[in-house]
Amino acid sequence: MKRPITEEDIQAYVDNALQPERQDEVEAYLIANPDEALRAAAFKSDAATLRAALDRVAQEPIPMRLSLSQIAARRQSEKLPAWRIAAAAMVLIVAGATGGWAVRGYSLPPSEGVAALAQEASASYTTFAGNAVQPVEFKADDIAGLTEIASKTLGIGAILPDLSRSGYRLMGGRIVSTVHGPGFMLMYNDDKGERLVMLARHMIVDQNRPMAEHADGKVSGWTWANGGMGFSVVGETDAKSLHPIADDIRAQVSTL
């Protein structure tokens, strides 16, 4: 007799801490209970967004003035008590981290409209496309369940674009948390293992916008809005190659 799914199981699922057999049981439970699936996916999306936001700071080299050797050397020369050295080091580290984010904020792209959606789609690709373990939360094996979760997230009768004519298969999707509300991400791959991400969410600004090209490092794509719903398709390829795929998606979702 199977054990009932508990809140502890849901939290362990969010933390990727379940045994494979229990993982399958929890995934089956979530497919059968879309409201619980939305809640669990929102938890995982928030955690992933937080990791993505802080990862760049964590990877930055520590300035020489904040290294322990430099602090220890100053301690020897100044003869300061150990507790004052430790306190000073913590203050400098916190100030350095927050200062870096303050400076970075001046060069961030616009935080509204299709520009923000393009940035969110690129961040989703960077966060999830390289994940070899669980790139999607809800697999395409259950199209009906995936469509239902997408529709509940977006509040409309969602359409899952078919990109088979372009050589891409639907892998699945997940709920993505953004500062502008929940979005739904779909991921596709081809025979070469290359992946594409499409992100859709409601638009407060730029409710109707023509398709625009954008790039963020190695990730490029196309973003547009129609009738208050925004769409962005991105991948690690040149925007020119993605244009016909974006056109195909736009044609398929234009009936929403």
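**View 1. R201 lies in strand 4, residues 195–202.** Helices (H or I, at least four residues) and strands (E, at least two) are DSSP runs, numbered from the N terminus. This is a predicted model, in which local features need pLDDT of at least 70 and side-chain atom pairs count only at pLDDT 80 or more, while totals for chains, interfaces and linings use all residues. Residues are numbered from 1 along each chain as its sequence is written, and side-chain values use heavy atoms, with hydrogens and water left out. R201 has a relative accessible area of 2% and is buried (under 20% relative accessible area; exposed is over 50%, partly exposed in between; 1.4 Å probe, protein chains only).

**View 2. The side chains of R201 and E120 form a polar contact at 2.6 Å.** A polar contact is a pair of N or O atoms within 3.5 Å; within protein, one must be able to donate a hydrogen and the other to accept it, and residues adjacent in sequence count only if both atoms are side-chain atoms. Neighbours within four places in sequence aside, R201 is in contact (heavy atoms within 4.5 Å) with residues including G113, A116, L117, E120, L154, T178 and H180.

**View 3. Helix 6 spans residues 113–128.** From first to last C-alpha, its 16 residues reach 23 Å, close to the 22 Å expected at 1.5 Å a residue (1.5 Å times one less than the number of residues). Among its buried residues are G113, A116, L117 and E120.

**View 4. The protein chain contains 8 helices and 7 strands.** Of its 256 residues, 41% count as buried.
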